[in-house]
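Biologist: I'd like a close look at one part of this protein, please.

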Amino acid sequence: MASPLPPTPVGVRVRVPAKINLALKVGPRRADGYHPLATVYHAVALYDEVLALWAEPDEFEVAVIGEGAGVVPLDDTNLAVRAARLLARTHGPYDSLGASLSLRKAIPVAAGLAGGSADGAGALLACASLWDLDVSPEALRALAAELGSDVPFALLGGTAVGSGRGEEVVPALARGTYHWVLGFGHGGLSTPAVYRRFDELTPQPVNPEVPDELMNALRTGDPRALGAALVNDLQPAALDLRPQLRQVLEAGLEYGAVGALISGSGPTAAFLAASEPAAIDLAVALSADGLCREVRRASGPVTGARLVI
Ligand code: C5P
């Protein structure tokens, strides 16, 4: 019989996509401070990578390179570190586990694209594999929900309906590939601050529901129908806090986008193009006019957190 393989490989690499919210309907603030959501998440091909390596027992550290590296915390508040610790505590022989994490970021920080959530989801998957833990997908999803509202979707990917505070996700029936152009803002927006502004601007929010026209558009795969159905209840709050974003949205529509909205709590502007060539033209035009810090194309949907072999 062949000798058994070492218990774990030297390191495990996971890549995790950014999300945009095609619909984000927000209800009245709950007693726990969160807001009930009816949202449609959509994972796009803009990825953070998480590399996990063995470290001494109870040693957890993180290094960050790439987009926004200078503003990502490196202490125990880092979502990837929190994820690794949570996994070790709940599913491992805690005293004998440790991890050295490296994040290669392409998803901007505090941008409404769930970059931190992506890193948390990536660390869960990478460490579960590194430590060879017997943890079911359901158990991993439960830990993800504990870490943050958007983390379960980062594991799942694709296009999915989110409810609860966003952590309950169910895959949606969606056809086709969509071509997006993302305009990154100068600086981030704080998600709690945007929700607070939403509370101030919306005295009587109604119970949130995903619009039928959006679900119908996804079933047809028609970008124009989807573009017309995009909706974000947090957008007025984000525009109020960052008025120049209005100009960005208008510019994208002028350059041919078939739909435009602020992603999540912002400040990223997401533009839907009618086709891939239209997305290239749109990205060139938006880059040239200099309103955004950076412009990137990303198609969707793509799968959620996956090991990179
Ligand atoms: O769940 P997560 O930690 O990502 O949420 C960050 C913050 O965003 C929360 O502390 C809360 O202020 C706000 N939030 C909310 N309602 C949600 C999700 C997030 O008010 N459904």
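Biologist: How many residues of the lining of the largest pocket are nonpolar, how many polar and how many charged?

Modeller: The lining splits into 20 nonpolar, 15 polar and 9 charged residues (Ala, Val, Leu, Ile, Met, Phe, Trp, Tyr, Cys and Pro count as nonpolar, Asp, Glu, Lys and Arg as charged, the others, Gly among them, as polar). Bear in mind that this is a predicted model, where local features need pLDDT of at least 70, side-chain atom pairs count only at pLDDT 80 or more, and totals for chains, interfaces and linings use all residues. Numbering runs from 1 along each chain as its sequence is written, and side-chain values use heavy atoms, with hydrogens and water left out.

That pocket (on a 1 Å grid over the protein atoms alone, an open set of points where a 1.4 Å probe fits, with protein on both sides within 12 Å along at least five of seven lines) holds about 1,200 Å³ of space, counted as what probe spheres set on the points fill. Its lining has 44 residues, each with an atom within 4 Å of a point. If you want to find the centre, look for Ser117, Asp150, Thr191, Pro192 and Ser265, which lie nearest to it.

Now for the elements (DSSP runs: helices, H or I, of at least four residues; strands, E, of at least two). Helix 5 (191–201) gives the largest share of the lining, with 5 residues. Strand 1 (11–26), helix 1 (79–91), strand 4 (99–105) and helix 2 (115–130) each supply at least two. Both domain 1 (12–171) and domain 2 (178–300) contribute at least three residues, with bounds from an automatic or database assignment.
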